[in-house]
Amino acid sequence: MRGILMLALAVLVAAETRYDGFKVLRIEPLEILDSTWLSDIESKVEFWSNVPGRPVDIMVPPELEDEIVSFLRSKKLDFSLMIGDVQAVIDGQRSTMRSRTRTQGLADFKYDQYNTYDQINQWVSDMATEHSDVVTKFTVTQSYEKRLIDGIKISTGGNNKPVIWFEGGIHAREWISPATVMLISKFLVEDLKNSDPQVVQLVNYFDFYIVPSLNVDGYAFTWSDDRLWRKTRRPNPGYGCIGTDPNRNWPYKWGGSGTSPWPCSITYHGGKALSEVEVKGVVDFLTNLSVGNEIRMFIDWHSYSQLWMAPWSFSSSEQNPVDWLDQSNLGQAAVQALEEVHGTTFVSGMSAKLLYEASGASCDWGYAVLGAKYSYVVELRDKGNYGFLLPEDQIMASGEEAYKATLAAVEYAMNN
Ligand SMILES: [Zn+2]
């Protein structure tokens, strides 16, 4: 028995995906149009960031390092080392996290640390218990692995108020997203209870629905097995690769540009739109909520690159949405308010132009189908010093600046 247990433990430990010797290289951009070389190395490296006009960040496994470096030199591309050993950064961050005791109750919740799925879910319950006058808990759905996807509603009462929807953590490894979304919630509730006039006005006008962690199975997996996991955790029958990119799985322009039909790709769009129960759950929840309530704003919080992006996401050649002027003005107001807090610069604009084309993404669905006039995808810190491995000492600043951006955005949405 003991032997079997030890064996099982050994298998579990061995199962953890490690990134020993993996490097992240930062390639300086050439002329914007000359990026054909990207496709030459696409199958060999993992792209961390690929924003037009900015450096391209790629993660390179040690056995391919020589080949990739020769290739980049042959193309006369300038590059530098962004992370010398990905596993060393992960280990360094994890060593402090593993020695921690679990938090007890809301007063003890560590907003300035990354929290596990269990801690986040407990936080949702504690918010509702401790602030029962303005916060209630709701459940979106159950994940593929039967975890609850919970959120909080912040409301001062009243019926049929316009809705603000925030969701964090659709991509599992983007840990700053749930952390920032929880901080926004905390500041909002505190300022409301402190009778901050602006916040009182905003919450009297809107109901806020906030889900800190949407891709809960993927998130749990980033803690237990693979810090850089992005997708859901549902197996793909007939393939060894697990998971679908939940932000390519929404039922609008599904399966088009910027997605992959290959289950092993990190942008795999799934066998059909809404194949992922987590995405189906949100779509059903919001569709029901939109009966009798106008969904005014929908924000899907991601990292990294410091961008505030509006539709369209599926095509860069599509005409601007009819609400573009307001969508764009709100984005400008948000990034300006954000910068005033810590000097962090974000850029706002159309998603497919600022970033890249991505079909079946949440922000297009939020606008075109759900009818949220102000639908955005926000890429939080940083601009590529740590990428997905953003250190915990930046969490508070990220929350503070994103909160001010939120207030500016919601105020604009109230007045327009
Ligand atoms: Zn993302």
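Visitor: Where is the place of K76?

Guide: This is a predicted model, and in it K76 sits in the loop between α3 (65-74) and β4.

Visitor: Why is K76 called exposed?

Guide: Its relative accessible area is 70%. Exposed means over 50%, so K76 counts as exposed.

Visitor: Why is L274 called partly exposed?

Guide: The relative accessible area of L274 is 21%. Buried means under 20% and exposed means over 50%, with partly exposed in between, so L274 is partly exposed.

Visitor: How do you know whether N247 is buried or exposed?

Guide: N247 is found in the loop between α8 and α9, and its relative accessibility is 6%. The cut-off for buried is under 20%, so N247 counts as buried.

Visitor: What is N247 in contact with, apart from its neighbours within four places in sequence?

Guide: Its contacts include I170, H171, D300, H302 and S359. S362 is also one of them, and the backbone nitrogen of S362 lies 2.8 Å from a polar atom of the N247 side chain. The limit for a polar contact is 3.5 Å, and this distance of 2.8 Å is within it.

Visitor: Which residues does a cis peptide bond with omega of about 5° join?

Guide: The bond joins P311 and W312. W312 is in the loop between β10 (307-310) and α10 (324-342). Another cis peptide bond, with omega of about -5°, joins R381 and D382, and D382 lies in the loop between β12 (374-380) and α13 (395-415). Most peptide bonds are trans.

Visitor: How is the protein divided into domains?

Guide: Domain 1 covers 16-95, and domain 2 covers 103-237 + 241-415. Taken over C-alpha atoms, their centres are 27 Å apart.

Visitor: How many residues of domain 1 and domain 2 are in contact?

Guide: On the domain 1 side 21 residues are in contact with 27 residues of domain 2. The area buried between the two domains is about 1800 Å², and carbon and sulfur atoms give 50% of that. In domain 1, W48, R54 and R94 lose the most area to domain 2, together 31% of what that side buries.

Visitor: Why is the meeting of R173 and E46 called a salt bridge?

Guide: Their side chains come to 2.5 Å, N to O. The rule asks for a side-chain nitrogen of Lys or Arg within 4 Å of a carboxyl oxygen of Asp or Glu, so the pair R173 and E46 qualifies as a salt bridge. The count between domain 1 and domain 2 is one salt bridge.

Definitions and conventions:
Residues numbered from 1 in each chain as written. Predicted model: local features only at pLDDT ≥ 70, side-chain atom pairs only at ≥ 80, totals over all residues. Heavy atoms only, no water. Domains from an automatic or database assignment. Contact = heavy atoms within 4.5 Å. Buried area = accessible area lost by both parts, 1.4 Å probe. Helix = DSSP H or I, 4+ residues; strand = E, 2+ residues; numbered from the N terminus. Buried < 20%, exposed > 50% of the residue type's maximum accessible area, 1.4 Å probe, protein only. Polar contact = N/O pair within 3.5 Å; in protein donor to acceptor, adjacent residues only side chain to side chain.
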